[in-house]
Amino acid sequence: MEFRAKKADLLATLYWTQGIVERRNTMPILANVLIESRKAGIHLTATDLEVGIRGKLEGEVVREGVVTVGAKKLYEIVREAPEETLQLKRLENEWVEIKSGKSVFKIVGLDAREFPQFPKFDGEKMSSVPAKTLREMIERTIFSVSSDETRYNLNGVFIEEAKDGKLRMVATDGHRLALIDRGIGALGLAKGVILPRKGLTELRRLLEGADDGLVSVGFKENMGLVVKDEVELFMRLIEGDFPDYTKVIPKDNPQLARLTAADFLHALRRVSLLSSERYKGIKMDLKSGKVAITASNPELGEAVEEIEIEYNGKPLTVGFNARYLIDVLTVLGEGGEVNVALKDDVSPSILKKSDDEGYLYVIMPMRL
Amino acid sequence: MRSYFHIDMDAFYASVEQAMNPDLKGKAVIVGGRSGRGVVTSASYEARKFGVRSAMPGFQAQRLCPHGIFLPNRHALYSEYSDKVFAILEQFSPAVRALSIDEALIDLTGTEKLFGAPIATAERIIARIRRDLDLPASGGLASSRVIAKIAATLAKPQGLIHVFPGSEENFLAPLSVSLVPGVGPKTRETLFARGVKTIGDLLAAPKLRDQYFDFDARGEARRHDHSIGSETTLDKPVKQIGEMEEVLWGLVEEVGRRLRTDGVFARCIAVKIRYSDFKTLTRSLTIETPTCVDREIFGVADALLKKHVAPGRPVRLLGVSASAFVRSGWQESLFDAGRERALENLYRGIDRLRGKYGAGAIGAAGARRRSR
């Protein structure tokens, strides 16, 4: 195997593999990137078996063949390469030579036959969806995914076809829940599936900067596949049932507060500096026309900030984990206003951006 | 200034037996350990003279005190007497906290107008228990709960020690650290190794002082509790997990009730298992949502028991404890918060019923053969 490629192209393709390869994996081959140099093109593949990415590299094939080498080390070498072009060549016994100008690296790889097969998608129905909307849907839900590995069915974002041809994504960690509906056309999902957080994190990276383009999305058995330009990303779906999220979305929250998103976010960031590390608890005292946000910590002291809001409900004191509010306000952006619909201090509240009916965030209060 | 009265019944089970049968008075009465394989659960002071102690194997007690009167455990009876003792305590203060079947902490703060000086009230309580139930008790009266407990321990048997406000440190300084609640044999060794032998030494170290004592700094008592626990020595060694679970339920009910009485929620649940050969293990688990609900505590304790108990190996003691307390300020769950609150209310209701009609008034169907 031997090929020549531009440093910038190689770096760009290797970049996608960096988030996929596992540092502490029990299978050494999974730390490697598979490099296939064929007449049809040069492809780079990385996978941790749950998520995989395969990118096409522009280059000049000198000789066909395959090798695998450590993805992180190769990326570092290419990044520091002195010249604009590089040459990769397979030597005896899985050694790989990387040349750029006067610098020559020899690193040892592993037998490419050990590298896991990339799932074959051919003939599956792929749907085209706007990359920008897809990215927005991921960004507005993924932060609510649970990181508790014992609740594996919450370790991903649930995706299903909603009514009116809309696509819905839902994520929850058991304390808060984010739901987004967007009209981006049907994906042909017979029932909802759970996409793993790691796969979606990579997908979001892939979609960065792709504001106008379309990506293809398809599903096959327990796999999801996304194709953007010359890059294919697959992810193994999470098995298990997503909880019935419709049950925890409150239907009757009569106390309505309307807040300026930026004021709310900044007040929370300031006040929460004095909340406890573990639960980040803050208290909101809602009264007609204003809310006082307070935090107190026996070890540090206390903080309070009052902001003006539209509120005509009865006076209410409710505690929240400030992080949950800051998370959602950060992804929703500082412009505009948010509406918070409350019931009392023990029931979940709903937060929405005032101009976006397709998004809602349910948050369970803290016990005061 | 607060007034805490810690009362501890002397040789409770043995004393109940003596109260029921006056012929036993002045004799070495030993409850439990009759079979030789079982253990002593209580020994009268007459028997203690011969070296008999609670939790001692029966054969050893029989060797030390061959003339002793060995009696079987009658838990239902002791429970009944315990309820009677608490009924008396509750006449003197609304703030009676049961620490175990035979130990309680009574907050006498503010009872002066009704009953006179706290020390007089403490004397009256002990006298009432003696007169109405024919049972001996000892007590400690102090401005802090920890000091009250230490005083009660020192006062035994049939004594009452009043630690005057202002003299706390003088009273404590010469005492051994092993008298401090929360200092067991292991901790004592560690403290000794650091040169901390007396409570005076301990109080000189600000960190230890804060950890073990609840001195009144801001006019408000700080919590001194590290854990709330309940344990019981089984009448005879048990190998069946089902039998252990029954005992566990009883212990969990006790721990849950005390958590609710104190208004705290625990984030850490532990079980203690002691085998017949005295090998003891304690295993704990930290849970995400703090709880005071029996069912939740049992779920964790039972899982720990099943995971760690060696199958077929006879168990002689089981314990459950709750620690890492919080009073408020944790995140509730979106999916089952309603259920948690409903359970909490249910158990608080059960506590009220039991307070009114006794411990046996209501219980979980699986825990009918409770041993408290």
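Me: How many aromatic pairs does a search of the whole structure find over all chains?

Reply: Rings of Phe, Tyr and Trp (its six-membered ring) pair if their centres lie within 6.5 Å; planes under 30 degrees apart count as stacked, over 60 as edge-to-face and the rest as tilted. Here the search gives 10 aromatic pairs over all chains. In Phe118(A) and Phe234(A), the ring centres are 5.0 Å apart and the planes stand at 90 degrees, so this pair is edge-to-face. Because Phe118(A) belongs to the loop between β9 (103–108) and β10 (126–130) of chain A and Phe234(A) to strand β17 (residues 231–236) of chain A, the pair ties together parts 116 residues apart in sequence. Strands are DSSP runs of E of at least two residues, helices runs of H or I of at least four, numbered from the N terminus.

The model is predicted: local features need pLDDT of at least 70, side-chain atom pairs count only at pLDDT 80 or more, and totals for chains, interfaces and linings use all residues. Residues are numbered from 1 along each chain as its sequence is written, chains are lettered from A and ligands numbered from 1 in the order in which they are written, and side-chain values use heavy atoms, leaving out hydrogens and water.

Me: Are Phe118(A) and Phe234(A) buried or exposed?

Reply: Buried means under 20% relative accessible area, exposed over 50%, partly exposed in between (1.4 Å probe, protein chains only). Phe118(A) has 14% relative accessibility and counts as buried; Phe234(A), at 3%, also counts as buried.

Me: Which residues sit over rings in chain A and chain B?

Reply: The criterion is NZ of Lys or CZ of Arg within 6 Å of the ring centre and within 35 degrees of the ring normal. The charged end of Arg205(A) sits over the ring of Tyr15(A), 4.4 Å from its centre. Lys197(B) lies over the face of Phe192(B), 5.9 Å from the ring centre.

Me: Which residues have the most contacts inside the largest nonpolar core?

Reply: A nonpolar core is a set of buried Ala, Val, Leu, Ile, Met, Phe, Trp, Tyr and Cys residues joined through side-chain atoms within 4.5 Å. The largest has 96 residues, and those with the most contacts inside it are Ile35(A), Leu203(A), Phe264(A), Ile282(A) and Ile293(A). Helix α6 (residues 322–332) of chain A gives the most to this core, with 7 residues. A second, separate core of 41 residues includes Leu248(B) and Phe265(B).

Me: Which residues of α4(B) are buried?

Reply: Among them are His75(B), Tyr78(B), Val85(B) and Leu89(B).
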